[in-house]
Amino acid sequence: KDISERSALIADIDREFSIYVRIREADDRGYTRCFTSGRIVHYSKLDAGHYISRKYLPTRWDVDNVKPQSHNDNRFLDGNIEVFKQKLEEETKGITEVLYERSLQVWKPTISELKELLIHWRDKAKFVKSKLK
């Protein structure tokens with residue numbers, strides 16, 4: 001039961017976090033720029049692309065690590081990682097090394113911590129959705 005509850009909470013957090021990442025810089029019609037290609041795309045056609053893989057929990061919901069990304073770049077170009085890295089470094093020098101170090105930390109959140117994270121990201125997603133027309 002604990003494993004299925006954990007999995008369900010992680011999936012719910014992923015959904016809310018993804019909404020937040022894809023909408024937070026969008027215009028009031030929901031359009032934002034793909035981080036790697038630069039194309040303007042509606043948030044519903046974007047993914048929350050990760051520089052460091054989602055399998056590393058310490059950076060899975062880290063806004064420094066996750067950016068709006070087109071389906072093409074995220075899914076078919078495997079995240080377009082070299083461009084992703086370059087753009088992250090342009091924004092914040094040294095951030096890719098910081099993210100790598102963060103990703104190596106051992107963190108196994110409790111059910112309680114996951115519930116808190118879900119509330120946090122649900123609230124943030126609700127807030128950014130409120131700016132859409």
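**Group meeting: helix packing and loops in a predicted model**

Hi everyone, let's start with a helix pair: the axes of helix H4 (residues 81-91) and helix H5 (residues 95-103) come within 8 Å and cross at roughly 110°. That makes H4 roughly perpendicular to H5, a label that covers 65 to 115 degrees, with under 35 being roughly parallel, over 145 roughly antiparallel and the rest oblique. The axes here are lines fitted to C-alpha atoms, for helices over the stretch in contact, and angles run from 0 to 180 degrees between N-to-C directions.

Which residues make the contact? From H4 we have Lys85, Leu88 and Glu89, and from H5 there are Ile95, Thr96, Glu97 and Leu99; contact means heavy atoms within 4.5 Å. Sorted by class, the contact of H4 with H5 has 3 nonpolar, 1 polar and 3 charged residues. In that scheme Ala, Val, Leu, Ile, Met, Phe, Trp, Tyr, Cys and Pro are nonpolar, Asp, Glu, Lys and Arg are charged, and the others, Gly among them, are polar.

A word on the ground rules. This is a predicted model, where local features need pLDDT of at least 70 and side-chain atom pairs count only at pLDDT 80 or more, while totals for chains, interfaces and linings use all residues. Residues are numbered from 1 along each chain as its sequence is written, and side-chain values use heavy atoms, leaving out hydrogens and water.

Now the second pair. Helix H1 (residues 2-23) packs against helix H6 (residues 111-129) at an angle of about 25°, and their axes are 8 Å apart. So H1 is roughly parallel to H6. H1 passes H6 in a left-handed crossing, meaning the near helix is turned anticlockwise from the far one by less than a right angle (clockwise would be right-handed). By class, the contact of H1 with H6 has 14 nonpolar, no polar and 10 charged residues.

Stepping back, the protein has 6 helices and 4 strands, and along the sequence the pattern reads α-β-β-β-α-β-α-α-α-α. Its radius of gyration is 15 Å, close to the 14 Å that the globule rule gives for 133 residues, so the protein is as compact as a globular protein of that length. The radius is taken over C-alpha atoms, and the rule is 2.2 Å times the number of residues to the power 0.38. Helices (H or I, at least four residues) and strands (E, at least two) are DSSP runs, numbered from the N terminus. Of the 133 residues, 44% count as buried. Among contacts between residues at least 6 apart in sequence, 69% join residues at least 24 apart.

On to the loops. Asp78 lies in the loop between helix H3 (71-76) and H4, and although not a glycine, Asp78 has a positive phi of about 50°. Asn80 is in the loop between H3 and H4 too, with a phi near 45°, again positive in a residue other than glycine. Buried or exposed: what are Asp78 and Asn80? Asp78 is exposed, at 63% relative accessible area, whereas Asn80 is buried, at 19%. For the cut-offs, buried is under 20% relative accessible area, exposed is over 50% and partly exposed is in between (1.4 Å probe, protein chains only).

Last stop: Tyr56, in the loop between strand E3 (46-50) and helix H2 (57-60). Tyr56 counts as partly exposed, at 32% relative accessibility. Thanks, everyone!
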